[in-house]
Amino acid sequence: MADPPSCGRPCATCLLCLYSCQWITAKKEKRKGLRTTKCDCSWFLFLFCVFLFTLVWLYFAIIILNDFHNFNEFIFKQRKLWLDWSLVLLIATAVLITYSAVLLVLALCLQLCGQPLKLHWLHKTLLILTALVVAAAFTGLGIKWAEEWRSARTSLQATGPFLHIGIVGGMTLLAWPLASFIYRTRKTGLKVFLLILYCMVMITLYLAPLGITSPCIMEENQLPPKPALVGHRGAPMLAPENTLMSLQKAVDCNVQVFETDVMVSADGVPFLMHDEELTRTTNVQDVFPERAALNSTAFNWTDLQQLDAGSWFLERRPFPTVQSLSAGDRYWATKQRIPSLKEVLQATKQSNLSIMFDLRPENHSDYQSFVNATLEVILQSGIPLQQVLWLPDGFREQVKQQAPGIQQVYGRKRLQDEKEPLLHVNLPYQDMSSEEIRQYHRDNISVNLYVVNQPWLFSVLWCSGVSSVTTNACQVLKEMKRPIWLLPSSTYLMIWVVVDCASFLTILWAFFLLKKCSQRRQAAESETDVLLTKINSLMQE
C-alpha cells in the first residue's frame, strides 16, 4: 500500500509504532505484507465506540458536578470518610477520554497515511477495561443516583445548540479518513454501505435543530426577572453550614431566604442541624466519643453548646472555596457553635431575611412536641410571620390554626382536586420542566427549585421563569447579570444554516481533494507497474 505524498515515511513509521507498539518501518511493513484485515477494522470500530461512550460519560461527569456535594455527604455517612470525590471522578474520566482520543487520532492518521491498523493486544486490553469501567460508572449512576438522568435531560436545554455544532464539526472532520478509506478499498459493497450510513447520519444532524428546544432561545425583552436566591444552609461554600457565620455570609450574598434544618434537643430547645448524627459537622467524637453515634435529638442543649461546629469546615474543606478564605474568616469559623432557632430568628429579623426550614427527623415518636416547641419559639421571637416559610408536612393543619400568618411551602406539585390553592412549592430542579414552571408562574404560584449551584443550570431556570432557587453558591450566582447565553430564534436559525452549509462544503472538498490524490497515486502506481514490466522483459531477453 503506497503512502500518499502528504505523509512521509518517518511520520507513518512513528504513528504505526505508537498504535501497534512495534517499530515497523515502511519497508518492513511492505516486506511483511501487512494489511488491514476485517478483524483490525472491527477493533477500530470498537475503539470509535469506546471513545464515544467515554465522551458521553465525560458529559455526565460535568453535569453531575452540580449535585456532587450530596454524593460526598452520602459517602461520609456510610464510611465516615470525607473526600472531594469530584476530583477523583474528573481525573479518572480525563485519563480515560484522553487515552481513547489519542488512540482514535492515531488510527485516523494511519488511515490517511495508508498504513495498516494493527492495534496491539495491550491497547485492546486497555480499551476493554475502559469500556467496562465506564459501563460500571453508568450502572452505578442508574442504581444509586437515578435522578441524575433527569439532570442530563435538563442540561440538554443549556447545551443542545452547542452540542449540535460540536457533533456536526466532529462528523465533518471524519469525512477525511472516510474518503481516504473509500478511495483505497476495492470492495464496492462496503463503499456504498459506508457512504449511505454517513449521509444518513449527516442529514439527521443537519435537521436536528428542528427537535432542539431551549428556554434560552428567546428575545432579550422576553427574559423573565432574575430568580431570587435562597441560601442552602446559609452560604456553605463560605462558612460552616447552619451557623450564624453562614447566615451572615448569605446576607452578604444578597439572598432573600435562609434555608435551614431544625431539630429539637432532648430538653426541648430547637436548634440548627441537618444530619441525624453530629459527626460530620461537629467535634462530637472528641467531646462525647461514647455518644457520637446517637441521634442529634438525644443531646440536651447544654451538651450541644460544648461542641465546635466550625473547625471541621477548615479541616475537611467540603468546597474548594475554603482555601481562599481570609485569615479573619478562618478564625471566625473556629468560633462557631451550634445555633438555636431563637438566635437565628433574631438574626434573620434584624437582617430582614426570610427563613425556610425542615423539621427533622420526621419519623420521630415525639414529632408533635417538636412542632409545638418550634412554633412556640417562632411566636415568641417577634419575627413577622410572613418571613417564616414552613416546609414540614407533619401537623401542618395545626400550624395553620396556631400561626395562620406563616407561609406554607409544599414539597410537591399541585393536585387536580386541590382543596386549597398552593402559593409556594419547593421541589428538586429535576422534577419540573420549563413548561410546568411557566404554567405555575401564570397561575401565580411561587416555585423554588433546589439545589442549583452551576451557572448553566441557573441560566436555564432563569430563562424558564422560576421564582427562586436554593443554592450553595450564592457568591457565584449573585454576580450573574444575565443568563450565560441568550439567543433570539432568528440568530439561532442563522447559526444553524451557516454551520450546516459550512459542513456540507467541507465534506465535498474533502472527497474532491482526496479523489485527486487517489488518482495521482493510481497513476504513479501504473507508471511503476509499466516500468517493472519493461525491466522484467529486458532481463528475460
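Here are some numbered notes on a predicted model, for someone looking at it for the first time.

1. Start with the cysteines. A disulfide is a covalent bond between the sulfur atoms of two cysteines. The count for this model comes to one disulfide, and it joins Cys 216 to Cys 463, with the sulfurs 2.3 Å apart. Cys 216 sits in the loop between α9 (188-207) and β1 (228-232), while Cys 463 belongs to helix α19 (residues 455-464), so the bond ties together parts that are 247 residues apart in sequence. The torsion about the S-S bond is about 100°, so this disulfide is right-handed. Cys 216 and Cys 463 are both buried.

2. What about the cysteines outside that pair? Cys 49 is in no disulfide, and its nearest cysteine sulfur, that of Cys 41, is 13 Å away. Cys 49 is partly exposed, at 41% relative accessibility. For Cys 199, the closest cysteine sulfur is in Cys 501, and at 16 Å that is too far for a bond. Cys 199 is partly exposed, with a relative accessible area of 41%.

3. Next, have a look at Ser 246, found in helix α10 (residues 244-252). Is Ser 246 buried or exposed? It is buried, with a relative accessible area of 0%. A polar atom of the Ser 246 side chain lies 2.7 Å from the backbone nitrogen of Ala 235. Leaving aside residues up to four places away in sequence, Ser 246 touches several others, including Arg 233, Gly 234, Pro 236 and Glu 241.

4. In helix α8 (residues 175-184), eight of the 10 residues are buried, so the helix is largely enclosed by the rest of the structure. Among them are Trp 176, Leu 178, Ile 182 and Arg 184. In helix α18 (residues 434-442), the buried residues are Ser 434, Ile 437 and Tyr 440. These cover an arc of only 125° around the axis, which puts them on the same side of α18.

5. Staying with α18, its buried residues pack against α7 (147-173), β7 (424-428), β8 (446-450) and α19. The face turned away from that buried side carries the exposed residues Glu 435 and Arg 442. After the helix comes Asn 444, whose phi is positive, near 60°.

6. On the α4 side the contact is made by Phe 68, Phe 71, Asn 72 and Ile 75, and on the α5 side by Trp 85, Ser 86 and Leu 89.

7. Finally, some backbone details to check. Most residues other than glycine have a negative phi, and most peptide bonds are trans. Here, the bond from Arg 360 to Pro 361 is cis, with omega near -15°, and Pro 361 is in the loop between β4 (354-359) and α16 (367-381). Another cis bond joins Tyr 450 and Val 451, with omega about -20°; Val 451 is in the loop between β8 and α19. Asn 242 has a positive phi near 55° and is buried, at 4% relative accessible area. Arg 317 has a positive phi of about 50° and is partly exposed, at 40%.

Methods
Residues are numbered from 1 along each chain as its sequence is written. This is a predicted model: local features need pLDDT of at least 70, side-chain atom pairs count only at pLDDT 80 or more; totals for chains, interfaces and linings use all residues. Side-chain values use heavy atoms; hydrogens and water are left out. A disulfide is a pair of cysteine sulfur atoms within 2.5 Å. Helices (H or I, at least four residues) and strands (E, at least two) are DSSP runs, numbered from the N terminus. Buried means under 20% relative accessible area, exposed over 50%, partly exposed in between (1.4 Å probe, protein chains only). A polar contact is a pair of N or O atoms within 3.5 Å; within protein, one must be able to donate a hydrogen and the other to accept it, and residues adjacent in sequence count only if both atoms are side-chain atoms. Contact means heavy atoms within 4.5 Å. The arc is that of the directions from the helix axis to the C-beta atoms.
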